[in-house]
Amino acid sequence: MNILFASIEDLNDWIEPLGGHPQVKTPNLMRLAKRAMVFENAYAPVPACSPSRTATLFGQAPWETGIYSNDETWRDGYPSGGRLSLAGVMRDAGYETIGAGKIFHKDVRGYDPEDWDEYHRGVHHKKYEVISRAVGAGELGRLSDFGPVPDDEGCFDAANTDWLCERIKAGDDRKFWGFGLYRPHLPFIVPQEYFDLYPEVVDVPPGLTGKQFRPGNKAALDGLPPESAVFANRRIGWILKKFGEYNDFVRAYLASISYADALLGQVLDRLEETGQMDNTLIVLWSDHGWQFGEKLAFRKFTLWERALRVPLMFAGPGIECGRSRTPVSLLDIFPTVIGQAGGQAKHKLSGLDLSPILRGEGEIARDHVVSVWGNWPEDGSENLAFTLRSRAHRYTVYWQGGEELYDSEADPFEHVNLITSGGPNIRAIADDYQAKLNLDLDRIAPRVRPA
């Protein structure tokens, strides 16, 4: 069979298949979900592009890759030319590997030519006139711009989509198509027609406390340990409020999601037109989530649910349609793909093969998954925090010993830190999770373990 390995950058859980934002329109992701196994509790190993993609594409946790931040790339942990990534393994297994867009960090600048038979090195991001008032005033960098444009002519994502569609043909077999969409990454600039899908005033994110975003709402931080404040980028919120553009920012992200959904739809259409839909394993994933003022934080770079929960779907021959609530990680993609399509990893993989779930044989024995993020002071030290996500809870421990514990079923937006709010057996629950976390991390040197 063929494989469509589709990555959508910075796509959080607002999509329709995950019941995210109440107004989002993602008909093609819904179309895919109806024929897929949808993982409702899928998490990024790191809330940042480079370390998350490195972990996913090489199948190893950050404490094995050594890649923790966007200042590093996979080349800091792996040799070039070794065909160690999932794409390289599939090429060794006899697949023709064809790639376009952002799959590895830094898109066409970040891939290893040895992994690919063909990779599109075409148009880069189109330069637009400044749209946002905050960007125009110089208070948000140009990368943070947002707003509509007439069309997507010359757009990086549109060009990559057209190029890949041209390479999907009737009769194809053992093709590995790597398809990386950059939107909805900033800048949230997409054609006007996708803004037109949404009202002028959109609903606030469902995880906000209250009916509107208020950057001075310190109650949103009640019960949090001081270390968590190091992660949250709160400056963006104040700037958006100053220029009255918070609503426009959220609407632009929704429009960017719908734009990415439409481009994915073009690839799905091409698979159907060429008769390849039933002969193709489709893997749809995102590298991490995104925040819009939940706990006053913006972007990713935290260990809260909104920054870590991601879409993950598998569809194709022999895969049952349905939903799984087992906690899974992007680390599971590598072993699952080779479990479905063949190939042999050249190093030990950190994740689990999810094939039993895909075959409809029931859930696997997985209690929780772990994610990591850090703070790197000027002295070069490493302050790492770790979070454990089970079905029932999220438990996080920071480098100075600060803790968070959330009831993920009763409090899915993590408003109440049970560590500080108190309650029966809370300490016992936290201690149990910390013991599990320590077992998971027993390979990490003491200098990077939580306190």
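The side chain of D151 comes within 3.0 Å of the backbone nitrogen of E153. This is a predicted model. D151 sits in the loop that joins β6 (146-149) to α6 (156-166). Two other sites follow: T336 in helix α11, and helix α2 (residues 49-58).

- D151 counts as partly exposed, because its relative accessibility is 35%.
- Leaving aside neighbours within four places in sequence, D151 contacts K126, Y128 and P191.
- V190 is 39 residues away from D151 along the chain, yet their C-alpha atoms are separated by 7.4 Å.

**T336 in helix α11**
- T336 belongs to α11, which spans residues 333-341.
- T336 has 0% relative accessibility, so it counts as buried.
- The T336 side chain makes a polar contact with the backbone oxygen of L352 at 3.5 Å.
- A polar atom of the T336 side chain also lies 2.9 Å from the backbone nitrogen of L354.
- Not counting residues up to four places away in sequence, T336 touches F314, L352, D353, L354, S355 and L358.

**Helix α2**
- Helix α2 is mostly covered, with 10 of its 10 residues buried.
- Among these buried residues are C49, P51, R53, L57 and F58.

Definitions and conventions: Residues numbered from 1 in each chain as written. Predicted model: local features only at pLDDT ≥ 70, side-chain atom pairs only at ≥ 80, totals over all residues. Heavy atoms only, no water. Helix = DSSP H or I, 4+ residues; strand = E, 2+ residues; numbered from the N terminus. Buried < 20%, exposed > 50% of the residue type's maximum accessible area, 1.4 Å probe, protein only. Polar contact = N/O pair within 3.5 Å; in protein donor to acceptor, adjacent residues only side chain to side chain. Contact = heavy atoms within 4.5 Å.
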